Amino acid sequence: MDEIDRAQRRAEEQLADALAEHRRLMPQGESAKWCEMTGCGERIPEERRAALPGVRFCVDCQAHLERLEKTRK
Ligand SMILES: [Zn+2]
């Protein structure tokens, strides 16, 4: 394997990592009909599910999670 192949391989691995990270952060697939936060179970409005594909939480829980996320940094 020459230097160019190695660089190519490395670039592909980095891209794959970046995509995996992106998939982890971005919810995908079917949006939840009901908030999946333990003890919440709030209905997720149709507009929210349409606007955020793969959404899992109601507005309140999402905001709460985002606040937690920020304070942890
Ligand atoms: Zn909720």
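**Figure 1. Overview and confidence of the predicted model.** The mean pLDDT of the protein chain, where pLDDT is the predictor's confidence in each residue from 0 to 100, is 87, and 89% of its residues reach 70 or more. This is a predicted model, in which local features need pLDDT of at least 70 and side-chain atom pairs count only at pLDDT 80 or more, whereas totals for chains, interfaces and linings use all residues. Residues are numbered from 1 along each chain as its sequence is written. The protein chain has three helices and zero strands, where helices (H or I, at least four residues) and strands (E, at least two) are DSSP runs numbered from the N terminus. Confidence is lowest in helix H1 (residues 3-25), with a mean of 82, and highest in H2, with 93. Where pLDDT is low, the predicted coordinates should not be read in detail.

**Figure 2. Helix H3 and its surroundings.** Helix H3, which covers residues 59-72, has 14 residues and reaches 20 Å from its first C-alpha to its last, close to the 20 Å expected at 1.5 Å a residue; the expected span is 1.5 Å times one less than the number of residues. A residue is called buried if 20 or more other C-beta atoms, placed from the backbone, lie within 10 Å of its own, exposed if 12 or fewer do, and partly exposed in between. Of the 14 residues of H3, the number buried is zero, so this helix lies largely in the open. Across the protein chain, buried residues make up 5% of the 73 residues.

**Figure 3. Cys58 in the loop between H2 and H3.** Cys58 is placed in the loop that runs between helix H2 (46-51) and H3, and it counts as buried because it has 21 C-beta neighbours inside 10 Å. Leaving aside neighbours within four places in sequence, Cys58 is in contact with Cys35, Cys40, Glu42 and Ile44, a contact being a pair of residues whose C-beta atoms, placed from the backbone, lie within 7 Å. The C-alpha atoms of Cys58 and Gly41, which are 17 residues apart along the chain, are separated by 8.4 Å.

Figure 4. Val55 lies in the loop between H2 and H3 and is partly exposed, with 19 other C-beta atoms within 10 Å. Its C-alpha atom is separated by 8.5 Å from that of Gly29, 26 residues away along the chain. Pro45, in the loop between H1 and H2, is exposed, with 11 other C-beta atoms within 10 Å.

Notes:
Contact = placed C-beta atoms within 7 Å.
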